[in-house]
Structure formats: structure tokens, C-alpha cells
Amino acid sequence: MKIVIDTTAATLAYVSDGEETNFGLYTKEAFEEISRQWVRVGWSLAYYHNFSWFGLPILQLPEDLLRLQEVIYRLRPEVIVETGVYQGGSLLFHASLMEALGAGRVIGIDREIPAAVSGALSSHALAKRIRLIEGDSADAAIVAQVAAEVAGAAPVLVILDSGHSREHVSRELEKYAPLVTPGSYIIATDGIMHDLADVPRAQPEWATDNPLTAAREFAARHADFVEEQPAWANRAGPLTKNVTYWPGAWLKRVR
Ligand SMILES: C[S@@+](CC[C@H](N)C(=O)[O-])C[C@H]1O[C@@H](n2cnc3c(N)ncnc32)[C@H](O)[C@@H]1O
């Protein structure tokens, strides 16, 4: 594939399989094509490894966090369950919003939570809103522990950001979806892997072995969940799609 951006003529030409498509440079279509390549190039350069939240590293694309914030503000979850803690920044992100909203708690699950991470979280000003559980997120005993902690809470929002293989995300979706309350979401993050297979640092098998495939298969099996990008809280102009690492990630419980 070849993309030619001509800033003088204000055009973007896209050549794929010998076929050329032309857009005006200042159009929604050109923005989406440029964004796609920006996401891919940025991922290869570990763009998302350069952010922190309230003092701890967070591995997310900033736009995904802004969109997540819009949902948390609207939904006001009583509990957010997140699989995949890494160094704790995303748990602090959720907890900081809950602190500002005056209610809510976060449960973070990771197969390995180093003492430095649990120490940083337990001594943080937001510690009272965070609970850590160590273990494989798809393990039945861990899921049962989370379910017991969540029992009776509403709304419940679940974010899956641990292992990203299709198989692991499928198992997580089946096990954590029952915790999600109607109107809320289970988010299978990092489906962008499906579009990174040819990018440096990625793996060719990601074209099919990725969270997006798992999310689509899950939605096809479960009529009570639909894939739906949350509506933007503020909008002007022609753009409609998130610039995201989470394509197809937002599975809304509709009943
Ligand atoms: C992408 S990082 C999480 C990033 C974090 N949510 C953030 O935004 O900063 C993935 C984490 O998932 C954990 N992980 C991988 N496989 C897992 C599994 N099967 N069960 C639990 N945690 C797992 C890893 O240890 C790692 O800390």
C-alpha cells in the first residue's frame, strides 16, 4: 500500500492492490487514513509507553483515556474491574475519577504484582479506592474472588487489559461479562493488534490472534452484548470514529 500526501494540491492518494483512491487532504477520510498510520507508526515507537497518571506509568493511548473518562463520568460506576495492572497507572486513572466523583472503587487483577507496585499503590493518596488481586485473571478461583467483591454493586464496568491472545481474552470475556450491569460495558482493549501484524515489534499472527477477534466472536455468541463505540460527550465537525488502540473493544450490555 502507498499513501501520497500532497500538501500543495491538498490531496491524499491511497494506492492499494493497484487501485488508487483520492481524497481531499482536509476531509474525514484523509484524517482517518492518516490517523491509522499515525497509530501504527506510534505503536512501533512505543508511543504509549511515555505517559503516567498521578505518578505511575500507564500504558494507554491518551485519546482512549479521554473517551474512557467520558464513559466513567456518565456511568458513575460503583466498581471498575480491570485485568492487567502493570505498574498501576491505569488503576490510579480510574480511582482519581472516582475520587473526583465522590464514589466508587477499583479492583485490579494481575498475575504478578511486584512489591514496588503494590507498595506505591497502597501508600498512594487514592489507596482507599483500590483493591489488588494477584493471580491469573482467567483462573476460576480468581474470578470467584472478584465476583464476591463485586456482588450487589451497580453499575459495574470491566476493562480487560491483561494477556491479549484471542484465547485468553475469550476466556476473560466469558468469565467477566456476567459481572457487567445492563447499560455498562466490558472493554476488550488493544484490538489494534489486528492492524499491527506487519509493524516492527509486532507478530504476524496478531492479524488473527488478537482481542478484536475475541470481542467479535463473543458478541456473535451473546445477544445481550453489542459492540458500540460510546457516543462522544462533545462533538463538532464531521469526525465520528475514535483514534484508538481499542477498535471494536466496547461491548455494551443491552439487557
Ligand atoms: C498491558 S499491561 C496492563 C497495562 C495497564 N492496564 C495500564 O494501562 O497501565 C498487561 C498486564 O497484564 C498482566 N497479565 C498478562 N497475562 C495475564 C494473565 N493471564 N492474568 C493476569 N494478568 C496478566 C501482565 O503481568 C501485565 O502487567
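Helices (H or I, at least four residues) and strands (E, at least two) are DSSP runs, numbered from the N terminus. This is a predicted model, in which local features need pLDDT of at least 70 and side-chain atom pairs count only at pLDDT 80 or more, while totals for chains, interfaces and linings use all residues. Residues are numbered from 1 along each chain as its sequence is written. On that basis, the chain holds seven helices and 12 strands.

**Overall form**

- The radius of gyration of the chain, taken over C-alpha atoms, is 19 Å, close to the 18 Å that the globule rule (2.2 Å times the number of residues to the power 0.38) gives for 255 residues, so the chain is as compact as a globular protein of that length.
- Along the principal axes, the C-alpha atoms of the chain fill a box of roughly 60 × 40 × 35 Å.

**Two domains**

- The chain is divided into domain 1 (2-44) and domain 2 (50-253), with bounds that come from an automatic or database domain assignment.
- The C-alpha centres of domain 1 and domain 2 lie 30 Å apart, and eight residues of domain 1 are in contact with 10 residues of domain 2, where contact means that the C-beta atoms of two residues, placed from the backbone, lie within 7 Å.
- On the side of domain 1 that touches domain 2 there are three nonpolar, two polar and three charged residues, with Ala, Val, Leu, Ile, Met, Phe, Trp, Tyr, Cys and Pro counted as nonpolar, Asp, Glu, Lys and Arg as charged, and the others, Gly among them, as polar.

**The seven-stranded sheet**

- An open sheet of seven strands with mixed pairing runs in the order β8-β7-β6-β9-β10-β12-β11, two strands being paired if DSSP finds at least two bridges between them.
- Because β8 (130-134) and β11 (225-227) stand at the edges with a single partner strand each, one side of each is left without a neighbour in the sheet.
- Strand β10 (residues 185-188) pairs with strand β12 (residues 250-253) in the antiparallel sense over three bridges, and Tyr 185 has Lys 252 in β12 as its bridge partner.
- Helix α7 (residues 211-221) lies across β10, β11 and β12 and runs at about 135° to β11, with axes fitted to C-alpha atoms, for helices over the stretch in contact, and angles running from 0 to 180 degrees between N-to-C directions.

**Around the ligand**

- The ligand is surrounded by 20 residues, the closest being Gly 84, Tyr 86, Ser 90, Ser 162 and Gly 163; a residue is near a molecule if its C-beta atom, placed from the backbone, lies within 6 Å of it.
- Both α3 (89-101) and β7 (105-110) supply at least two residues each to this shell, which by class has six nonpolar, nine polar and five charged residues.
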